[in-house]
Amino acid sequence: MGYTDPSSSRDLLGNRTLFFIFICAFAVVTLLQQILYGRNYLKRVKQTELFERWKNLQMCKWEMNVTEANLFKSTLSRCCNAPAFLFTTQKNTPLGTKLKYEVDTSGIFHINQEIFKMFPKDMPYHRSQFKKCAVVGNGGILKNSRCGREIDSADFVFRCNLPPISEKYFTDVGVKTDVVTVNPSIITERFHKLEKWRKPFYDVLQVYENASVLLPAFYNTRNTDVSIRVKYVLDDFESQQAVYYFHPQYLINVSRYWLGQGVRAKRVSTGLILVTAALELCEEVHLFGFWAFPMNPSGIFITHHYYDNVKPRPGFHAMPSEIFNFLHMHSKGILRVHTGTCSCC
């Protein structure tokens, strides 16, 4: 398992060591049982009991299980292959390609010269390029976590959907950003599809400095025009920020994989997509801001996001199933889920 006894400097036969070994083993076994049974288990077990077992697991020092992690990454390499297909590139999508959309499968987008020039020649990242990565979700579990310094200490940081990282929040969420995703619905609702004033959108992106901007331009036909406008806006303002577009086949493959792991939803979340990619691009992956419950593990009510309490559209994502899978991977030492207060660095 991916755990060590925090009191390992003591005699191996000491009572404290035996106590921690028992707690860690019990926590791992019972948490895995809850994950395997998923929602059916939650119907029989109080949510507070699940939280208690997760807290017990947190008493154990997490260590990466290299064997388990490499096995999992090999599986992702076969099904998804982020180092080759995460972004739409000139290599994987040649000029003249009739690109099929992720959802509107009957729709075809013809890659002409103008669009082709927007794509990078090849993927800018390769397998296990980064030592330690942080994938930062927007969950209320981040509020008062003081995880900002630990997030910023990562070699590469992914963020989802233009989250605020102003002075009000940076103690909890940090500021470092290497890739930030943008849901086209944000551009439509907050920035009028970029059909009017464009500088407010440009100004928001400058908060992330030189971070690359990643969009699902080929998720459906509605997303394409507004996503391509982002590239035009940044070029107009002579920004150095790169703009990338998810490859639709990568998104299809990721959804299929997680469906096989019990994540049944209209669409997997952006966070899950980034975590999947990070597991291939990074040696060690740490998750912050991922939690699917209205209470933290201590039973204290939290807001849905660290910056507001706006709930998502019901039934669109399967967040509890996603979190169960993350906890499962945490217990096996594949990645680390942070849900408490950080003490870095």
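## Ser 212 and its strand

Ser 212 sits in strand β8 of this predicted model. With a relative accessible area of 8%, Ser 212 is buried, because buried means under 20%. If we leave aside its neighbours within four places in sequence, Ser 212 is in contact with Tyr 125, Asp 178, Val 179, Val 180, Ala 242 and Tyr 244.

Now look at the whole strand, which covers residues 212-215. Which residues of β8 lie on each side? Ser 212 and Leu 214 are on one side, while Val 213 and Leu 215 are on the other. All four are buried, and both faces of β8 are covered.

## The partners of β8

Strand β8 pairs with strand β7 (residues 179-181) in the parallel sense, over three bridges. Here Leu 214 in β8 stands opposite Thr 181.

Strand β9 (residues 243-245) also runs parallel to β8, and three bridges join the two. Val 213 has Val 243 in β9 as its bridge partner. To get from β8 to β9, the chain passes through helix α10 (residues 221-236), and this β-α-β crossover is right-handed.

Asp 235 is partly exposed, at a relative accessible area of 41%.

## Salt bridges across the chain

How many salt bridges does the structure hold? There are eleven. Side chains of opposite charge can pair when their charged atoms come close.

One of them brings together the side chains of Lys 91 and Asp 122, at 3.7 Å from N to O. Lys 91 lies in the loop between α4 (82-85) and β3 (98-100), and Asp 122 in the loop between α5 (113-118) and β5 (130-136), so the pair ties together parts that are 31 residues apart in sequence. Lys 91 is exposed, with a relative accessible area of 62%, whereas Asp 122 is partly exposed at 36%.

Another joins the side chains of Arg 267 and Glu 102, at 2.9 Å from N to O. This pair links distant parts of the chain, 165 residues apart: Arg 267 is in the loop between α11 (248-259) and α12 (270-281), and Glu 102 in the loop between β3 and β4 (108-110). Are these two residues buried or exposed? Arg 267 is buried, with a relative accessible area of 11%, and Glu 102 is buried, with a value of 11%.

Note on methods
Residues are numbered from 1 along each chain as its sequence is written. This is a predicted model: local features need pLDDT of at least 70, side-chain atom pairs count only at pLDDT 80 or more; totals for chains, interfaces and linings use all residues. Side-chain values use heavy atoms; hydrogens and water are left out. Buried means under 20% relative accessible area, exposed over 50%, partly exposed in between (1.4 Å probe, protein chains only). Two strands pair if DSSP finds at least two bridges between them. A crossover is right-handed if, with the strands pointing away from the viewer, the path from the first strand over the helix to the second runs clockwise. Contact means heavy atoms within 4.5 Å. A salt bridge is a side-chain nitrogen of Lys or Arg within 4 Å of a carboxyl oxygen of Asp or Glu.
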